[in-house]
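Visitor: Please show the structure, and then let us go through it by question and answer.

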Amino acid sequence: MPSMKVHLLFFAVLRDMTGTGQKDLVLEAGTTARQVWQSLRAQYGQLAAFTQPPMVAINESYAAPDTVLRDGDQLAFIPPVAGG
Amino acid sequence: MTYLTDDPIDAAALVRTVMRPTDGAYVLFEGVVRNHHEGKAVESIFYDAYRPMAEKEIDAIVRHLEALYPAAALTVVHRLGRLIVGDSSIAIVAAAPHRAEAFEACRNMIDLIKEKVPIWKKERGPDGEEWVGWQGQC
């Protein structure tokens with residue numbers, strides 16, 4: 001199976017929970033953002049309870065969780081926003 | 001245009017960047033750090049952002065509102081980092097030949113920013129710290 005690299009960013013509560021701001025992932029081609037979230041749940045105990053991913057951003061734009069990632073994508077999970 | 005800043009907001013200077021001789025009104029909105037939230041005391045707030053995406057999202061909102069209110073001139077600046085009670089976290093200026101459009105555009109802008117822009121706040125008080133909006137679910 002061909003692989004691809006995706007750069008994952010964490011912000012706000014997710015950065016606190018994972019203890020990091022970013023992570024480089026090597027994924028199988030065809031992996032979706034939702035599948036990345038599921039693997040994070042398995043990896044970080046504090047995320048395990050969250051069966052549904054938060055909002056997803058790919059390359060600095062909102063995207064559907066089932067979007068298939070591409071090599072070189074920048075992926076971020078967006079917790080509920082609270083600007084203003 | 002850079003919409004995010006790490007420095008205190010100078011609202012009067014922001015107004016001057018927007019006003020044209022044809023404008024008969026401007027509406028200035030400032031969001032301010034208050035000393036309480038949902039019954040808890042608040043001493044300071046840390047604002048975090050996905051900066052490049054936040055800039056893009058704010059720009060998209062400004063463009064959307066410029067199309068919706070063609071007579072208005074709009075700008076906004078959002079401060080990030082640690083703010084204390086009384087500090088302004090955001091300032092929006094909507095100028096227009098007549099007040100109705102200025103009021104509407106300004107109100108619309110703050111509502112859209114609160115809904116769409118990837119900015120987060122962590123409130124700090126005597127009881128500890130908490131990310132706002134994260135009530136144990138995504």
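**Sheets, packing and contacts**

Guide: To begin with chain A, its five strands form an open sheet with mixed pairing, in the order 2-1-5-3-4. This is a predicted model, in which local features need pLDDT of at least 70 and side-chain atom pairs count only at pLDDT 80 or more, while totals for chains, interfaces and linings use all residues. Residues are numbered from 1 along each chain as its sequence is written, and chains are lettered from A and ligands numbered from 1 in the order in which they are written.

Visitor: Which are the edge strands of the sheet in chain A?

Guide: Strands are DSSP runs of E with at least two residues, helices are runs of H or I with at least four, and both are numbered from the N terminus. Two strands pair if DSSP finds at least two bridges between them. An edge strand here pairs on one side only, and in chain A these are strand 2 and strand 4.

Visitor: Along the sequence, which pattern does chain A follow?

Guide: The secondary structure of chain A comes to two helices and five strands. Read along the sequence, these follow the pattern β-α-β-α-β-β-β.

Visitor: In strand 2 of chain A, what is the bridge partner of A:Lys5?

Guide: Strand 1 and strand 2 of chain A pair in the antiparallel sense, over seven bridges. Within strand 2 of chain A, the bridge partner of A:Lys5 is A:Val26.

Visitor: What angle does the direction of helix 2 of chain A make with that of strand 5 of chain A?

Guide: Helix 2 of chain A packs on the sheet and touches strand 1, strand 2, strand 3, strand 4 and strand 5 of chain A. Axes are lines fitted to C-alpha atoms, for helices over the stretch in contact, and angles run from 0 to 180 degrees between N-to-C directions. On that basis, the direction of helix 2 makes with that of strand 5 of chain A an angle of about 65°.

Visitor: Within what arc do the buried residues of helix 2 of chain A fall?

Guide: A residue is buried if 20 or more other C-beta atoms lie within 10 Å of its own, exposed if 12 or fewer, and partly exposed in between, with C-beta atoms placed from the backbone. In helix 2 of chain A (residues 33-43), A:Ala33, A:Val36, A:Trp37 and A:Leu40 are buried. They line one face of the helix, because seen down its axis, with the arc taken over the directions from the axis to the C-beta atoms, the buried residues fall within an arc of 100°.

Visitor: Which exposed residues does the face of helix 2 of chain A turned away from its buried side carry?

Guide: The cover over the buried residues of helix 2 includes strand 1 (3-9), strand 2 (22-28), strand 3, strand 4 (61-63) and strand 5 (74-78) of chain A. The face turned away from the buried side carries the exposed residues A:Ser39 and A:Ala42.

Visitor: Is A:Ala12 buried or exposed?

Guide: A:Ala12 lies in helix 1 of chain A (residues 12-18). Its phi is positive, about 55°, although it is not a glycine. Because A:Ala12 has 26 C-beta neighbours inside 10 Å, it counts as buried.

Visitor: Where is A:Asn59 found?

Guide: A:Asn59 is a residue other than glycine with a positive phi, near 50°. With 14 C-beta neighbours inside 10 Å, A:Asn59 counts as partly exposed. A:Asn59 is found in the loop between strand 3 and strand 4 of chain A.

Visitor: Leaving aside its neighbours within four places in sequence, with which residues is A:Met55 in contact?

Guide: A:Met55 is found in strand 3 of chain A (residues 55-58). It counts as partly exposed because it has 17 C-beta neighbours inside 10 Å. Two residues are in contact if their C-beta atoms, placed from the backbone, lie within 7 Å. Leaving aside neighbours within four places in sequence, A:Met55 is in contact with A:Tyr62 and A:Ile78.

Visitor: How many residues of chain A are in contact with chain B?

Guide: The contact involves 23 residues of chain B. Helix 2 (51-68), strand 8 (88-96), helix 3 (99-116) and strand 9 (119-125) of chain B each supply at least two residues of the side that touches chain A. On the chain A side, the number of residues in contact is 18.
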